[in-house]
Amino acid sequence: MSNHREVIIIGSGPAGLTAAIYTARANLKPLQFEGYSNGGQLMLTTDVENYPGFRDGIMGPDLMEEMKAQAVRFGTEIVSKDVERVDFSERPFKVWVEGEEFQADTVIIATGATARLLGIPGESELMGRGVSTCATCDGAFFRDKLIGMVGGGDSAIEEANFLTRFGKTVYVIHRREELRASKIMQQRAFDNPKIEMVWNTIVEQVHGQDEGKVTSVQVKDTQTGEERAMPLDALFVAIGHTPTSEFLAGQIELDENGYIVTQGKGSATSVEGVFACGDCQDHVYRQAITAAGSGCMAAIDAERWLEGYQPG
Ligand code: NAP
């Protein structure tokens, strides 16, 4: 395998694989480092009902398998390893994978983000079986059910409001007695008759492993120390996301939360010839379809940039 490529893509969620499909079809023979945990956040979901083209929905991992097969069909070379380090200070750019150096005329970064979790017993075990980090994706599965939402930021409150379309009651479980969310979002939640605030409360455990679905959560009042089981059918967790960008520190402009800064409406980053797409640069929409769309944009931006690029 030649270690110099026109395009290296880092990451393999909907953004990275769409970038691969487009750059491969443009004959750029992309090399894609999909990472050890390939496929991104959709690998952790069950039914995906909001990705256009699948009238009956599709399982998250199946959707990613289809995208990967499509990228391979057009000649993408996929390597199941993580990128450890990059050097964007001069062209060709350098990318290190398990100590081996690769070079690229252009790099597309699509490393995604991971939803922060509480790290409590039962949470990972029941992920996709009542525990979720995406209300847009999973809310519709809990019609007339009791839903818990952990967090007090804009995401938690926005998603709690959204979940009232489905749930009987949505309990916002927050560790303090004041929300971090913007005032207008707070007011919307306080005015919503289906939302109940559960203040000064932390969730300690998710129950339901024997039943294969969430049945209740163990909560603790931080003021009184009182513990109780709260019957719930679903627990949504919205306590922030962490973009996968540590390996880019000092190489490219990141915002204060670690998201890659892209310019204007496109995918260009602070380094000419390096493009970013998907959740590693988007903390607002975070949908599979928006990630895929931005992967297409990054591929087109990279292709156009390469047309004017003269290797040194
Ligand atoms: P965020 O603003 O960082 O809020 C995270 C929330 O989770 C906080 O309330 C925090 O509690 C709580 N939390 C953190 N760790 C926790 C833990 N271990 N256990 C329990 N609770 C925990 O994150 P976000 O809501 O995802 O928002 C991220 C950014 O996107 C923000 O800038 C936000 O304004 C923006 N956003 C905007 C919109 C909109 O404008 N429509 C929608 C969504 C997001 P504390 O408050 O006690 O720290």
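Q: Helix H4 (residues 154-163) and helix H5 (residues 183-191) cross: within how many Å do their axes come, and at roughly what angle?
A: The axes of H4 and H5 come within 10 Å and cross at roughly 35°. An axis here is a line fitted to C-alpha atoms, for helices over the stretch in contact, with angles running from 0 to 180 degrees between N-to-C directions. This is a predicted model, where local features need pLDDT of at least 70 and side-chain atom pairs count only at pLDDT 80 or more, while totals for chains, interfaces and linings use all residues. Residues are numbered from 1 along each chain as its sequence is written, and side-chain values use heavy atoms, leaving out hydrogens and water.

Q: Is the crossing of H4 and H5 left-handed or right-handed?
A: H4 passes H5 in a left-handed crossing. That word is used if the near helix is turned anticlockwise from the far one by less than a right angle; clockwise would be right-handed.

Q: Which residues make the contact of H4 with H5?
A: On H4 they are Asp 154, Ile 157, Glu 158 and Asn 161, and on H5 they are Met 185, Gln 186, Arg 188 and Ala 189. Contact means heavy atoms within 4.5 Å. By class, that gives 3 nonpolar, 2 polar and 3 charged residues. Asp, Glu, Lys and Arg count as charged; Ala, Val, Leu, Ile, Met, Phe, Trp, Tyr, Cys and Pro as nonpolar; and the others, Gly among them, as polar.

Q: How do H1 (residues 14-25) and H6 (residues 288-307) cross?
A: Their axes come within 7 Å and cross at roughly 35°, and this crossing is right-handed. Among the residues in contact are Ala 15 and Tyr 22 of H1, and Gly 295 and Ile 300 of H6. The H1 and H6 contact has 10 nonpolar, 4 polar and no charged residues.

Q: What makes Cys 134 and Cys 137 a disulfide?
A: The rule asks for cysteine sulfur atoms within 2.5 Å. Cys 134 and Cys 137 have an S to S distance of 2.0 Å, and the count by this rule is 1 disulfide.

Q: Why is the disulfide of Cys 134 and Cys 137 called right-handed?
A: The torsion about its S-S bond is about 70°, so the disulfide is right-handed.

Q: What makes the space in the structure a cavity?
A: On a 1 Å grid over the protein atoms alone, a cavity is a set of points where a 1.4 Å probe fits but cannot get out, and lining residues have an atom within 4 Å of a point. The structure holds 1 cavity of 30 Å³ or more, and the largest cavity has about 40 Å³ of space. Residues lining the largest cavity include Thr 133, Glu 159, His 241 and Arg 286. Its lining has 2 nonpolar, 4 polar and 2 charged residues. Volume means the space filled by probe spheres set on the points, which are joined across faces, edges and corners.

Note on methods
Helices (H or I, at least four residues) and strands (E, at least two) are DSSP runs, numbered from the N terminus. On a 1 Å grid over the protein atoms alone, a cavity is a set of points where a 1.4 Å probe fits but cannot get out, and a pocket is an open set with protein on both sides within 12 Å along at least five of seven lines; lining residues have an atom within 4 Å of a point.
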